[in-house]
Amino acid sequence: RHLPPFCSKCGRGLPEAQSIRGGLCATCLNRDYHFYRAWSVCRYEGLIKNLIHSFKYNQKVQYKQIFQSLFQEFFENFDVIKEVDFIVPIPLHPVRLREREYNQSQILAAVVSEITRKPVAKNILFRSKNTRPQIDLDEKKRIKNISGCFMAKNPDQIESKSILLIDDVLTTGITLSEAARTLKQFNPGRIWALTLAS
């Protein structure tokens with residue numbers, strides 16, 4: 001698990017030596033994101049990494065029960081999303097969705113919605129470009145790959161609303177940042193991000 005102090009941007013746990021740098025980790029000192037702040041429940045390593053991989057690629061949807069307990073514990077310990085109006089999962093392109101048969105981020109968004117009683121908005125953010133999996137790319141190629149891949153609709157539902165983006169993993173934060181950038185054209189309130197692991 002990530003434990004406080006947290007990086008005030010990406011939400012990862014901070015070594016004490018870094019907590020004096022304005023609350024930013026070494027990575028976030030040199031990086032700008034379009035979301036206001038991100039939170040992650042666990043470190044992306046060991047068992048949790050294996051569980052997420054199986055959940056995402058091997059049809060192990062039943063693991064959502066494990067993830068629900070992790071989210072539940074996280075929200076009991078940290079009151080982090082009280083300002084949020086609704087939840088938006090990171091979408092898959094329709095081609096990828098047909099291949100996988102489900103969107104893991106949408107499943108996680110439903111889990112978080114059940115715990116927090118915040119509604120999920122499914123008609124706000126869409127993936128308009130079928131991008132390569134980010135896991136195979138270095139940072140520069142990730143930025144190029146993901147740029148312009150999202151489209152936002154229904155601006156009247158977005159304006160002045162605080163939004164919580166949900167994804168399974170935050171690595172560089174580029175995907176979540178691009179999603180937030182897309183939503184920002186419709187003048188939302190703060191955009192937060194939450195992932196299962198980082």
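This is a predicted model: local features need pLDDT of at least 70, side-chain atom pairs count only at pLDDT 80 or more; totals for chains, interfaces and linings use all residues.
Which element gives the largest share of the lining of the second largest pocket?

**First stop: the largest pocket.** Begin with the largest pocket, whose volume is about 580 Å³. To find its middle, select Lys-56, Tyr-57, Gln-134, Ile-135 and Asp-168, which are the closest to its centre among the 33 residues that line this pocket. Now colour the elements that give two or more residues to this lining, namely helix H1 (46-57), helix H3 (94-100), helix H4 (104-116), helix H5 (139-146), strand E5 (163-169) and helix H7 (174-184).

**Second stop: the make-up of that lining.** Select H1 by itself, and you have the element with the largest share of the lining of the largest pocket, which amounts to four residues. If you then colour the lining of this pocket by class, you will find 13 nonpolar, 12 polar and eight charged residues.

Strand E2 (86-89), H3 and strand E3 (125-127) each contribute at least two residues to the lining, and the opening question is settled here, for the largest share, three residues, comes from E3. Coloured by class, the lining of the second largest pocket shows nine nonpolar, three polar and two charged residues.

Select Leu-196, which you will find in strand E6 (residues 191-197). Is this residue, Leu-196, buried or exposed? Leu-196 has a relative accessible area of 1%, and because buried means under 20%, Leu-196 counts as buried. Show its contacts beyond four places in sequence, and Leu-196 touches Ser-40, Val-41, Cys-42, Ile-52, Phe-67, Leu-70, Phe-71, Asp-167 and Asp-168. For a distance across the chain, draw a line between the C-alpha atoms of Leu-196 and Leu-170, which are 26 residues apart along the chain and separated by 8.2 Å.

**Last stop: Lys-9.** Finally, select Lys-9, which lies in the segment before strand E1 (37-42). Lys-9 is buried yet has no salt bridge, and the nearest side chain of opposite charge, that of Asp-32, is 6.8 Å away. With neighbours within four places in sequence left aside, the residues in contact with Lys-9 are Leu-24, Cys-28, Tyr-33, Phe-35, Tyr-36, Arg-37 and Ala-38.

Notes. Residues are numbered from 1 along each chain as its sequence is written. Side-chain values use heavy atoms; hydrogens and water are left out. On a 1 Å grid over the protein atoms alone, a cavity is a set of points where a 1.4 Å probe fits but cannot get out, and a pocket is an open set with protein on both sides within 12 Å along at least five of seven lines; lining residues have an atom within 4 Å of a point. Grid points are joined across faces, edges and corners, and a volume is the space filled by probe spheres set on the points. Ala, Val, Leu, Ile, Met, Phe, Trp, Tyr, Cys and Pro count as nonpolar, Asp, Glu, Lys and Arg as charged, and the others, Gly among them, as polar. Buried means under 20% relative accessible area, exposed over 50%, partly exposed in between (1.4 Å probe, protein chains only). Contact means heavy atoms within 4.5 Å. Lys and Arg count as positive and Asp and Glu as negative; His and the chain ends are not counted. A salt bridge is a side-chain nitrogen of Lys or Arg within 4 Å of a carboxyl oxygen of Asp or Glu.
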